[in-house]
Amino acid sequence: MDTVSLRGRVESLIHAHSRDYVPDILSSGFSCERCGWCCCENFSIRITKDILRPSNAISIFPDDIRRIMKGKGLKWDDVVQPDIYSCLSDGDKIWAIGWILRRNDGRECVFYRDGACAIYEFRPMICRCYPFFMGKRGVEVMHCERLEKKMAKENAEEMALMLKRYEIKKLRSYISIMAQLGDKLSFANLRMLPRGYEGEVFVCDGERVVRQRT
Ligand code: SF4
Ligand code: SF4
């Protein structure tokens, strides 16, 4: 997708009213039971022939990282790692497109402890919006283990607003990352680094380009 169409989507989201998403959210039957299924690796998504992205490789914004660091007294590297499933190589350097939440050796989110989210109050926007995302047809629902309870209308309204804010932030982040990467960004150049990769990676997160050793 090019920046012109992304900007167009941002504009149309800005002018959309989040209450229009409420009926879809209510009819999904969703009310999070905090079962933790979505915090663990349950399946992988084939992105390209070479890239298999785990279901819980969770992309997060720098603002989310700072909120978690401040709330829990953690360092940047305690929270995230470069997105090893979304890298590019220009033959000279390796570039990562943003950050993902750290995962433990059992391939769960590192904050999933004793069957609960240890940073629930500070959790990333993407976790607050799950299982909803804005697709081509409007609000769409990803897999959730507990689509059996009805959400209260006021909670659905809050979710709708969060979803709108998240989508706008995500698209603006894409636009900034595209500007950072320039013509290095092409689908054909996308790579995944092996788990446990050791080396230098330049992370473009829409705010800064961070040189990071993994
Ligand atoms: S799978 Fe659904 S119910 Fe379980 S934690 Fe995730 S969003 Fe909540
Ligand atoms: S931050 Fe919390 S809600 Fe999000 S994946 Fe990790 S444990 Fe789950």
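How many residues sit between β10 and β11 in their hairpin? There are two. Here, helices (H or I, at least four residues) and strands (E, at least two) are DSSP runs, numbered from the N terminus, and two strands pair if DSSP finds at least two bridges between them. This is a predicted model: local features need pLDDT of at least 70, side-chain atom pairs count only at pLDDT 80 or more, and totals for chains, interfaces and linings use all residues. Residues are numbered from 1 along each chain as its sequence is written, while chains are lettered from A and ligands numbered from 1 in the order in which they are written.

**Overall build**

- The protein has six helices and 14 strands.
- Its C-alpha trace spans about 50 × 45 × 35 Å along the principal axes.
- The radius of gyration is 17 Å, which agrees with the value near 17 Å for a compact globule of 214 residues; it is taken over C-alpha atoms, and the globule rule is 2.2 Å times the number of residues to the power 0.38.
- Of the 214 residues, 25% count as buried (20 or more other C-beta atoms within 10 Å of the residue's own; exposed means 12 or fewer, partly exposed is in between, and C-beta atoms are placed from the backbone).
- Take the contacts with a separation of 6 or more: 67% of them join residues 24 or more positions apart. A contact here means two C-beta atoms, placed from the backbone, within 7 Å.

**Strands**

- β10 (residues 132-135) and β11 (residues 138-141) pair in the antiparallel sense over four bridges, and F132 has V141 in β11 as its bridge partner.
- Elsewhere, three strands make an open sheet in the order β3-β7-β4, with antiparallel pairing.
- β3 (59-60) and β4 (80-82) are the edge strands of that sheet, each pairing on one side only.
- Three bridges join β4 to β7, and Q81 stands opposite I100 in β7.

**Cores**

- In soluble globular proteins, nonpolar side chains tend to be buried together.
- The largest nonpolar core has 26 residues, and those with the most contacts inside it are I58, I60, V80, A96, I100, L101 and C109. A core is a set of buried Ala, Val, Leu, Ile, Met, Phe, Trp, Tyr and Cys residues joined through C-beta atoms within 7 Å.
- β6 (94-97), β7 (99-101) and β13 (200-204) each supply at least two residues of this core, with β6 giving the most, four residues.
- Apart from it lies another core of eleven residues, including I25, C129, M134 and A160.

**Ligand surroundings**

- Around ligand 1 you'll find C32, E33, R34, C35, G36, W37, C38, Y130, P131, C144, E145 and R146 (C-beta atom, placed from the backbone, within 6 Å).
- That shell has seven nonpolar, one polar and four charged residues. Ala, Val, Leu, Ile, Met, Phe, Trp, Tyr, Cys and Pro count as nonpolar, Asp, Glu, Lys and Arg as charged, and the others, Gly among them, as polar.
- Ligand 2 is surrounded by C39, I58, L101, C109, F111, Y112, C117, I119, R123, P124 and C127; by class, ten are nonpolar, none polar and one charged.
- Leaving out residues up to four places away in sequence, C109 touches C39, N56, I58, L101 and R103.

**A look at K150**

- K150 is in the loop between β11 and α6 (153-181).
- K150 is partly exposed because it has 13 other C-beta atoms within 10 Å.
- Neighbours within four places in sequence aside, K150 is in contact with L26, G29 and S31.
- S31 is 119 residues from K150 along the chain, yet their C-alpha atoms are separated by 6.0 Å.
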